[in-house]
Amino acid sequence: MLRIVAPVRPATAKTSLAAVLALALLAPGSAFAQGAPGPLPVSVAKPIKREVTDVAEFTGRFEASELVEVRAQVSGQLISAPFTDGSAVKKGDLLFKIDPRPYEAALTQAQSAVITAQTRIDLTKSDVDRAKDLLRTGNISDQVAQQRNQAYGEAQASLKSAEAQVQTAKLNLEWTDVRAPIDGRIGRKLVTEGNLIAAGAGSAALTTIVKTQPIYFYFDVDEQSYLRYMNFIREGKIKQEEGGAPVEIALPDSNEFTIKGRIDFADNQLDQQTGTLRLRATTPNENGFLTSGVFGRIRLQSSPAYEALLVPDEAILSDQTRKIVMTVGPEDKVVPKVVEPGQLNGRLRVIRSGLTADDQVIVNGLMRARPGAQVKPQTVDPTKPAGQQGAAAQPAK
């Protein structure tokens, strides 16, 4: 049987070129065989040494410094309410008018009673004077003289009672004008014209007035924080300031503590159920912006001043329960250090332990910093964000 065998073709020029390139890549000293790129750049900075004080934050609410529920002191028909809902009022402004006619009539009646009592006094006094003359001549008995003196005394008492009734009637007539007892901002009318209203503390409120200049901020402090702060004061490490300890308050729509105030009240006992103490701060609220019921956060000093090391907050990494800072050690190799962070001071974080003032802390390029890897450190200003460093970065010395 005849077999056909295919001829073997020689290597093409393309195949030979591929082999040459492969040998070139493996050749010692070639540019392709030099391995991975050199050390990657990272930004480093030494911790900042600064005097700081710890602060404590608590939550609370604003409350009016004065709150009045306006009620009528006399009953009657409400005939007018000459104020605008929600407006500012001054002490003495007319708020409600009650029909005064029944009280005008009562005043006239009381004044008439005074005239009657005065007439009776004049009559009984004349009887007493005649009794004295008749008693000297023996034309009247002692008993009759005493009866006339008694009648004169009763007439004097009746006059005083009638005069008191006049004062009461005048007050009732005056109270038909319900006026603002304090300066402040008034609420809406809770009773409208034409309604009959009752008098007294148990009656329905006609409206409310709140005073918010100044305004109070109430908040609760836990027992441990309170005792620690009081120990600092007792030891003289924190001085008590005249007018109360200064505080700063932030509103819910802001992270800035721009509202200034002072603590002017502390309750006389701790709440046994919650273990907290109620405190109050006062702020002027000069523009009237703050109102009762608004939620807020308050910040106050919780320690004496002390020197601390600070690093950018973003330089601190988490490793399960530990906090770690990457530093550049000898031969520009990355060395992780376990630290104990403290409070935030601006964008810098207090480091209580784990760092020295000479450590080179990696503040930018942490993704390129692997423990033991060699890096190319460049010194930057730790007080500036990474995007604002610009050309300020310099090789670390």
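1. The model is predicted, so local features need pLDDT of at least 70 and side-chain atom pairs count only at pLDDT 80 or more, while totals for chains, interfaces and linings use all residues. Residues are numbered from 1 along each chain as its sequence is written, and side-chain values use heavy atoms, with hydrogens and water left out.

2. Helices α2 (residues 101-137) and α3 (residues 142-174) have axes that come within 8 Å and cross at roughly 165 degrees. Helices here are DSSP runs of H or I with at least four residues, and strands are runs of E with at least two. Axes are lines fitted to C-alpha atoms, for helices over the stretch in contact, with angles from 0 to 180 degrees between N-to-C directions. The crossing makes α2 roughly antiparallel to α3 (an angle over 145 degrees).

3. An open sheet has four strands in the order β7-β6-β4-β9, with antiparallel pairing; two strands pair if DSSP finds at least two bridges between them. β7 (177-179) and β9 (196-197) are the edge strands, each pairing on one side only. Three bridges join β6 (residues 94-98) to β7 in the antiparallel sense. Lys97 has Asp177 in β7 as its bridge partner.

4. Ala198 lies in the loop between β9 and β10 (207-222). Its relative accessible area is 46%, so Ala198 is partly exposed (between buried, under 20%, and exposed, over 50%, with a 1.4 Å probe and protein chains only). Leaving out residues up to four places away in sequence, Ala198 touches Ala72, Val74, Ser75 and Ser203 (contact means heavy atoms within 4.5 Å). Gln77 is 121 residues from Ala198 in sequence, with a C-alpha to C-alpha distance of 9.0 Å.

How values were computed: Parallel < 35°, antiparallel > 145°, perpendicular 65-115°, else oblique.
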